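Thanks for coming, everyone. Please look at the screen while I talk.

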Amino acid sequence: MSNTSVEEAQQAPEWFTKALSTPAETGSVDVEGVPVRFRAWGPVGPGIVLVHGGAAHSRWWDHIGPQLAADRRVVALDLTGHGDSGTRESYGLAMWAREIVEAARAGGIEGKPILVGHSMGGIISFVAADLNGDELGGVVIIDSPVRALTPEEEASRKENAFGPKKVYPTREDAKARFRFVPAQDTGLPCIRDHVAETSMEAVDGGWSWKFDPRVFVREGTGNVTDHRPRCRTAYFRAENGIVSEELMADIRILLGPESIVAEIPEAGHHVMIDQPLPLVTGVRTVLGAWAAADRSTAPI
């Protein structure tokens, strides 16, 4: 291990090393002819699905999932075109929403899963709430524009990022080129390094990224409707994220007055990277509130 790696490893807090040392169950489910990979923690039973953003993957949640899995099943999937899942000729929000529901079942979640989606994953979770709301226990959306383009999509369309994948001669070269879109403070180096290292794969000629550039080729936010989702919702806005006050006002109206809405202070768009513990606390709080509400309405 290099001196830099030793120094960064020493900076990793105990909660982070504990989370990453928690064994994850891995699996795959076929969704309309394409394998969808997932990771899971916690006991089989009621649970949540963690849905990553555009060009990301399930490993972005490795330090988050175990912290939410003490008394529930937690499943993190790779949407098709991302991570270790298969690719499709074309991609769409409704298809990804179906993948989430199938991964929840295959991953050991019993009953109605709760979705936790970041950025593009929040848009997909919103679509799932419209298309499959009766099958869901709720949706938590994290700093997502919901009906607008995500920063990854904007960067792709402007050809500022996410073009044809480059091949780097070594793993170290690829890691050095890793960037968050939009750029932000990465918080703990150990989190940034883990995400970067799990975002690449060996290819002919060297190393490249685990996503299909075609995932950004879709028209607007098709299938996102103007009526409220058919399940309960919560929304976390990052203080320094991508959602303006004006857009947040529109999202509040879209979600309705019963939705839980909160802001995570000092967080950039990728909240799990720079403010992971406040995010965990926020999600736990929402899950606890919904569980209490379920108990209060349960027949005696």
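E5 and E6 pair in the parallel sense, over five bridges. Two strands pair if DSSP finds at least two bridges between them. Helices (H or I, at least four residues) and strands (E, at least two) are DSSP runs, numbered from the N terminus. Find Ile114: it stands opposite Gly138 in E6. From E5 the chain crosses through H4 to E6, and this β-α-β crossover is right-handed. Right-handed means that, with the strands pointing away from the viewer, the path from the first strand over the helix to the second runs clockwise.

A word on the source. This is a predicted model: local features need pLDDT of at least 70, side-chain atom pairs count only at pLDDT 80 or more, and totals for chains, interfaces and linings use all residues. Residues are numbered from 1 along each chain as its sequence is written, and side-chain values use heavy atoms, with hydrogens and water left out.

Back to E5. Leu50 stands opposite Val116 in E5.

Is E5 covered or open? It is mostly covered, with five of its five residues buried. Buried means under 20% relative accessible area, exposed means over 50%, and partly exposed lies in between (1.4 Å probe, protein chains only). Both faces of E5 are covered. Ile114, Val116 and His118 lie on one side, Leu115 and Gly117 on the other.

Ser119 is in the loop between E5 and H4. Its phi is near 55°, a positive value in a residue other than glycine. Ser119 is buried, with a relative accessible area of 0%.

Where is the pairing antiparallel? Strand E2 (residues 34–41) and strand E4 (residues 73–77) run antiparallel, joined by four bridges. Ala40 stands opposite Val75 in E4.

Contact here means heavy atoms within 4.5 Å.

Glu266 sits in strand E10. Glu266 has a positive phi of about 60° although it is not a glycine. Is Glu266 buried or exposed? At 58% relative accessibility, Glu266 counts as exposed.

Next, two helices. Two packed helices are described by the angle between their axes and the distance between the axes. Helix H2 (residues 14–21) and helix H7 (residues 189–197) pack at about 25°, with axes 10 Å apart. That makes H2 roughly parallel to H7. Angles under 35 degrees count as roughly parallel, over 145 as roughly antiparallel, 65 to 115 as roughly perpendicular and the rest as oblique.

Which residues make the contact? Trp15, Phe16 and Leu20 come from H2, and Cys190, Ile191 and His194 from H7. Five are nonpolar, one is polar and none is charged. Ala, Val, Leu, Ile, Met, Phe, Trp, Tyr, Cys and Pro count as nonpolar, Asp, Glu, Lys and Arg as charged, and the others, Gly among them, as polar. H7 is mostly covered: seven of its nine residues are buried. Among them are Arg192 and Asp193.

In the loop between helix H6 (171–177) and H7 sits Pro182. The peptide bond from Val181 to Pro182 is cis, with omega near 0°.

Last stop, Gln67. Gln67 lies in the loop between E3 and E4. Gln67 is buried, with a relative accessible area of 16%. Leaving aside neighbours within four places in sequence, Gln67 is in contact with Trp15, Leu277, Val280 and Arg284.

Terms used:
Axes are lines fitted to C-alpha atoms, for helices over the stretch in contact, and angles run from 0 to 180 degrees between N-to-C directions.
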